[in-house]
Each structure stands twice: as structure tokens, then as C-alpha cells.
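Visitor: I'm new here and would like to know what the labels on this structure rest on. Could you take me through them?

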Amino acid sequence: MTPVIDVKQPAPLSQTEFQALLHEKMRAAVRLTLVTMLEEEVNALVGAPRYARTSSRRDQRNGYYTRDLGTTVGQIEDLAVPRTRQGFRTQLFERYQRRQATLDAAIGEMFVYGVSTTRVGEVVETLTETKPSPSTVSRVFHTLEDEFQAWKARPLSEHYLYVFADGTYFTVIYAGEGCKMPIIAVVGVTST
């Protein structure tokens, strides 16, 4: 007689549980990618993989240090960054950088579009599960000030025409019937 195997179907996940699982898997994939990139980068610098003895070696490994890094998929905790005797510096992130540049760019974009400091923090927390402090958001905004001042002070070229257009709809009586018609105002600005 053949034994009966009781195969139980796993309980279906709720939408919230599925999203949390997906987010965790994405964070694990980003972590694996970062670790792999760091290892390849240090291998290229040293000139040999771990534990390999070659005459072409340019540096010696010197263990690891851990750091946290904020990414668009959440906080990557205890990321192992390799060290070398001559001072390996990765190109993946800057020294002392705690967030990816893309996350800072997103914070800056939200601020440019008029989102408040508190709301920016809430949006970033929803996306990355870490809430930046209002001072962090403000510090990212202040990096945009130099760019904005340079933009305001730039000379207008003689060859450019800057056009601003705006419009709205009005109800106009046409042939005895009310029709919605667009009214557009266009203003052109030159350096003169």
C-alpha cells in the first residue's frame, strides 16, 4: 500500500504581508548586489581574489568594517565594506555617506516641488521604512541653494526667447449654445 502524503497548501498571504515580504526580498537583493560589487572592486584594486597568492598583488586585504546605508528599498544594515592596507575607498558611495545619492536627489526633487519638510519625511519613510529627520531634509535642500543662486544669476542670451503659456476654459455662447472654449495667454520674454 502506498503511503498517503498530506500536502498542505501554505496559507495565502494578505496584501500587506506580501508587500512586506517583497520589500524584504528586494532589500536582500540590493544587499547581495552591493556586497558583490564591493568584493569585485577590492579584487580589482588588490589584483587578486581573497586568499590568493600572486606576484602581481598590489595591496593586502585588511578585514571589513560595517556600516548602514539608506537605499530606495530601505535601510541596508551592517553592510560589510572591505578594507585594504593602503586604504581602499569604494566608488559605490562617498565616505561617511549614509544614504544613496538617488535618495538625496528624490528628497531634493520633492522639496523643489513644494512638499513640506515634514511631508518629505513621511513620504521617504513610506518608501524606505526609515524617516529622515527634518534637519536632514533641510540639509539636502541647502545643497540645492547654490545651484538655484547660479540659475538666478545666469545671463539671458540674446538668442533665446523664453515663452510662458497659461490657459483656462470659459463658457462662451456660440450660435445660441454654451460651449467650453480654451483661452490661452502667451507671454514672450527676451533679454531686452
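Visitor: What does Phe 93 touch, and what makes it a contact?
Guide: Not counting residues up to four places away in sequence, Phe 93 touches Arg 67, Leu 69, Leu 79 and Val 81. Contact here means heavy atoms within 4.5 Å. Bear in mind that this is a predicted model, where local features need pLDDT of at least 70, side-chain atom pairs count only at pLDDT 80 or more, and totals for chains, interfaces and linings use all residues. Residues are numbered from 1 along each chain as its sequence is written, and side-chain values use heavy atoms, with hydrogens and water left out.

Visitor: Which residues make up the largest nonpolar core, and what makes it a core?
Guide: The 7 residues are Leu 34, Leu 38, Leu 69, Ile 76, Leu 79, Val 81 and Phe 93. A nonpolar core is a set of buried Ala, Val, Leu, Ile, Met, Phe, Trp, Tyr and Cys residues joined through side-chain atoms within 4.5 Å. Two or more of the core's residues come from each of α1 (15–46) and β2 (74–84), and β2 gives the largest share, 3 residues. Apart from this core lies another, of 6 residues, including Ile 107, Met 110, Val 137 and Val 140.

Visitor: Why is Arg 27 called buried?
Guide: Buried means under 20% relative accessible area, exposed over 50%, and partly exposed in between (1.4 Å probe, protein chains only). Arg 27 has 13% relative accessibility, so Arg 27 counts as buried. Glu 24, with 41%, is partly exposed.

Visitor: What makes Glu 24 and Arg 27 a salt bridge?
Guide: The rule asks for a side-chain nitrogen of Lys or Arg within 4 Å of a carboxyl oxygen of Asp or Glu. For Glu 24 and Arg 27, the N to O distance is 2.8 Å, and their side chains meet in a salt bridge. They sit 3 residues apart in helix α1, so about one helical turn separates them. By this rule there are 4 salt bridges.

Visitor: How do you know that Glu 39 and Arg 61 tie together separate parts?
Guide: Their side chains meet in a salt bridge at 3.3 Å, N to O. Glu 39 lies in helix α1 and Arg 61 in strand β1, so the pair ties together parts 22 residues apart in sequence. Glu 39 is buried at 16% relative accessible area, and Arg 61 is buried at 18%.

Visitor: How do you know that the length of helix α2 agrees with what it should span?
Guide: Helices (H or I, at least four residues) and strands (E, at least two) are DSSP runs, numbered from the N terminus. The expected span is 1.5 Å times one less than the number of residues. For the 12 residues of α2 (101–112) that gives 16 Å, and the end C-alpha atoms are 16 Å apart, so the two agree.

Visitor: Which residues of α2 are buried, and why are they said to share a side?
Guide: Leu 103, Ile 107, Gly 108 and Met 110 are buried. They cover an arc of only 160° around the axis, so they are on the same side of α2. The arc is that of the directions from the helix axis to the C-beta atoms. On the other side, Ala 101 and Val 112 are exposed.

Visitor: Why are β3 and β4 called paired?
Guide: Two strands pair if DSSP finds at least two bridges between them. Here 13 bridges join β3 (162–174) to β4 (177–189), and the strands run antiparallel.
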